[in-house]
Amino acid sequence: MSERVLDIRNLKVVFPNELGIIRAVEGIDLEIEKGKCVALVGESGCGKSVTSLASMKLLGNSGAIVRADKMELCGTDIRELSDKDMQDFRGKRISMIFQDALSALNPVMTIGKQLDEIFIRHFNVSKKEAKEHSIEALKLVGVPDPAVRYKAYPHELSGGMRQRVLIAMAFACNPDLIIADEPTTALDVTIQAQVLDLLSDLQKSHHKALLLITHDFSVVVHMADEICVMYSGKIVEKAPAKELFREPLHPYTKGLIGSVAKMEDKKGKFIQIPDSLPNPMNKPSGCYFHPRCACATEKCKTYMPPLRTLENGRQVRCWIQEEAHEP
Amino acid sequence: MSHKNKILVESSGLCVNFPVKKDALFSKPKYLQAATDVSIQIHRGETFGLVGESGCGKSTFANATLGLLKPSAGKVLFDGQDINELPTQQFREMRKRMQKIFQDPGSSLNPRFTVFELIAEPLVIRGGYTLSQQKEMVVRMLESVGLSEADLYRYPSDFSGGQQQRIAIARALILRPEYLVCDEPVSALDVSVHAQILNLLMDMQKKMGITYLFISHNLAVVKKICDRMAIMYLGKVVEYGDSEKIFANPLHPYTKALISAVLSIDVNSDQKRITLKGDVSSPINPPVGCRFCKRCPAARADCETEECKLTEVEPDHFVACRFCC
């Protein structure tokens, strides 16, 4: 039987401020099984990072109001956990890889010391043992000369190496769930390929659950088992990765996939989605995507479509699909 | 069009070195060789792609063609004239024919200027326009990049990344330049916005007949929009010529690796990626022979000692590798 690592039902996150309420996440269901990789894809500002922070309970000081019907991590309800218990959870059961390695690492500490901290905090080991673990962890992610690099400061390493160190930190305590928030956006193409291969290999060999957050479809296609496309705080389409690329159903997904430059393409213009995301304080009526949608109807302008599960198990939030599948 | 007239920007044997801090007071001065022996011709009206990893000298080369950096050796010709030999006054005149847009519009636009001030600034510096003329030109330019007159007195922070890049494009094009350097214009933006900005750049090129030097590390984008291209590695050009020919028949091992590193979104393709080992070597003491020899999957013993020259393998397709031509 498959084990469910993360199970979130109807997650809502709002940020109240002087001018109004920003509804960042509006009712999201997310579940990840052991050994699976789920990708959350969408433009900046669609709420994907807020979702990941909320599932690590890292929104405490931001003034956000987080509500969910269910938030379970390996069977533990994390809504009830105290801050102290949550600290034990983070790192050990759930960990995160951030986008910009240079700002995620402490610039005045050697990477070795930063890795040691994790082992000392979670396993109560001596400094000497921690060092052994750290060098082992660096070796695992393919850092050359781990014993030498152990003493290096973050600025002495290249971008790809720093990202490897972050991955080493995330895998250090053998957590059940790893959240990677745009792990390769700041990297060059050749290094991006290296880091993605590494992440994918580690996830598969350690049989971990991975939540991958990105705006770039080309990153997820070969890694993810399931893809959730987010738009303006709601999931608009959810499908197994291969099927999503073979036949995208939501017009937004079609536009996103079309706008990625492909090697097979002929010279010429790109397919584009016009305009940009709606203002989160002032979202349009009806389907949030209708002002940018080429096939929007009157119904789309007034009513928000539900996230409907089709016969083949795929989920899509669109009136056009709704009508096409009506009996 | 005569041959001479066809070429807008030409560099021959261009080298740019930066001095680095010495180890000791009397030790030999060391140089970081950002660009070495770069000879490239950019034709009028084309989009020229310049590809490579960070630190390979793409931006250094582009800045040298704009006269922002003085070359240590070699020449840069713009429309047949050596830009480093020109008297200051004449060079200032030439400058208005070249412009640049940067990678991150958030930091290249002054946050305390309104959109009008930002876009009109080149007109003010150039002089000779009344305020009403400036306003008319700015509004017309704003409309052609997809913004409106209502945005005239807003600040850059009011706009999204894609809109900020549109403002940067409007500012670069207001003096109607002939040559525009686009230094990774979309890499700081969302993938969905890439298409919008690249389509806009192509539209503007068609409308105004501008020559682009397009710097990027995404080969899929370069393939789609560039007519000719050069691939750089550690300050040197490794492959150069007509982009269709290069993509149809990539010869240099580095080009092959770059092309295979482009992530495909075709689920049926089971392409094998050539993952390069290691990182780019330091440009302070680059390898004597082929600069790619340390990471090259096909390197042989003599690659480390003997330099490779760019050789023409077919018309308008040059490669710097001794084993593939």
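This is a predicted model: local features need pLDDT of at least 70, side-chain atom pairs count only at pLDDT 80 or more; totals for chains, interfaces and linings use all residues.

**Stop 1**

Select 3-22, 29-97 and 178-319 of chain B in one colour for domain 1, then 109-176 in another for domain 2. These bounds come from an automatic or database domain assignment. Taken over C-alpha atoms, the two domain centres sit 29 Å apart. Where they are in contact (heavy atoms within 4.5 Å), domain 1 of chain B gives 16 residues and domain 2 of chain B gives 13.

Together the two domains bury about 1300 Å², with 67% of that on carbon and sulfur atoms. Buried area here is the accessible area (1.4 Å probe) that two parts lose on being put together, summed over both. Now show Lys96(B), Leu200(B) and Met208(B): they supply 37% of what domain 1 buries against domain 2, more than any other three residues.

How many salt bridges cross the interface of these two domains? The rule finds 0, a salt bridge being a side-chain nitrogen of Lys or Arg within 4 Å of a carboxyl oxygen of Asp or Glu.

Next, highlight helix H3 (88-95) and helix H8 (191-208) of chain B, the elements that give two or more residues to domain 1's side of this contact. Helices are DSSP runs (H or I, at least four residues), numbered from the N terminus. H8(B) brings the largest share, 8 residues.

**Stop 2: where chain B meets chain A**

Bring chain A into view. The contact takes 41 residues from chain B and 45 from chain A, and the area buried between them is about 3900 Å², 56% of it from carbon and sulfur atoms.

The count of salt bridges between these chains is 2. To see one of them, pick Lys267(A) and Asp227(B), whose side chains meet at 2.5 Å, N to O. On chain B's side, select H8, helix H9 (219-225) and helix H11 (253-261), which each give two or more residues. H8(B) again has the largest share here, with 8 residues.

**Stop 3: a pair of rings in chain A**

Finish at helix H4 (residues 111-123) of chain A, where Phe119(A) and Phe123(A) lie 4 residues apart, about one turn of the helix. Their ring centres are 6.3 Å apart and their planes are at 25°, so the pair is stacked. Rings of Phe, Tyr and Trp (its six-membered ring) pair if their centres lie within 6.5 Å; planes under 30 degrees apart count as stacked, over 60 as edge-to-face and the rest as tilted. Over all chains, the count comes to 12 aromatic pairs.

Technical notes:
Residues are numbered from 1 along each chain as its sequence is written. Chains are lettered from A and ligands numbered from 1 in the order in which they are written. Side-chain values use heavy atoms; hydrogens and water are left out.
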